[in-house]
Every structure is written in structure tokens, then in C-alpha cells.
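Trainee: Could we go through some of the labels used for this model? I would like to know what stands behind each one.

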Amino acid sequence: MEEAEHLCDSVGIFVDGSLQSIGNAKQLKARYGGSYVFTITTSSDNEQEVERLVCGLAVSANKTYHISGTQKFELPKNEVRIVDVFEVVEAAKSKFTVQAWGLVDTSLEDVFIKVTRAAEAFNVI
């Protein structure tokens, strides 16, 4: 996907032979992205506390991944400021050990997965 983002003027997303969306990478991210991906790794004992902190950041936060202390959330861009994420992580570090964390913008791969899942859910027989 990274190659497509850098090399292509236009990207088409096909699902089961049907064109679902087309545009340049920036347009597709704006259309289907709309969120940051926040990943944090702590001990398994602190997972509930992390969820509370993230829900305090954005009411519409959506947990997309969880395994053995690592959690990944989608944070709507219209509900959260990047500086607030940094402040929450710093506050969390004073309460428990944060082994790793990251905040990234929506990738073209995330867009592809979102469009594909939506199309498949729409076409379920």
C-alpha cells in the first residue's frame, strides 16, 4: 500500500470485482479516514485503566485490537487533539508502566480495510 500511495496518481478499490471507490491517496484518506490510530502497550493489569483514559479523550473512541496488554483504538479527529493524547500518556506514565505507545494518521491500508469490510457487510447473503 505504501508504494501505491507514493507512486499512483489515482487509486481504485475493488471488492469482488466491483469498484467501490476511486481517488488519490489523500482524497481516500479524507473520505474514509477521519481518525487517528492510537496504540498503547501496558501490563494486562492496566487495560481497564487505559480504556477509561482513552474514553476520556474521545467519547466515540473505538477499540479495534486487543491482545496481552497491547490495545489499539480509533480516535475520531474531530473529537481529539494530538496534544491531549500526549498529556494522557504522560499522566498514565505517572500511574503505571507504559511499555510503548504510538499515534498515527489513518493509512491507505486502513482505508482499504474499512471500504472492504463495508462492502462485504453490505453484500452478505
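Mentor: Start with S21, whose side chain makes a polar contact with the side chain of R31 at 2.8 Å. This is a predicted model, where local features need pLDDT of at least 70 and side-chain atom pairs pLDDT 80 or more, while totals for chains, interfaces and linings use all residues. Residues are numbered from 1 along each chain as its sequence is written, and side-chain values use heavy atoms, without hydrogens and water.

Trainee: What makes the pair S21 and R31 a polar contact?

Mentor: A polar contact is a pair of N or O atoms within 3.5 Å; within protein, one must be able to donate a hydrogen and the other to accept it, and residues adjacent in sequence count only if both atoms are side-chain atoms. The S21–R31 distance is 2.8 Å.

Trainee: Why is S21 called buried?

Mentor: Buried means under 20% relative accessible area, exposed over 50%, partly exposed in between (1.4 Å probe, protein chains only). S21 has 4%, so S21 counts as buried.

Trainee: What is M1 called, at 41%?

Mentor: Partly exposed, because its relative accessible area is 41%.

Trainee: Which residues of helix α3 (residues 47–57) are buried?

Mentor: E47, V50, L53, V54 and L57. Helices are DSSP runs (H or I, at least four residues), numbered from the N terminus.

Trainee: Why are those residues said to be on the same side of α3?

Mentor: They cover an arc of only 120° around the axis, which puts them on the same side. The arc is taken from the directions from the helix axis to the C-beta atoms. On the other side of α3, Q48, R52 and G56 are exposed.

Notes. Helices (H or I, at least four residues) and strands (E, at least two) are DSSP runs, numbered from the N terminus.
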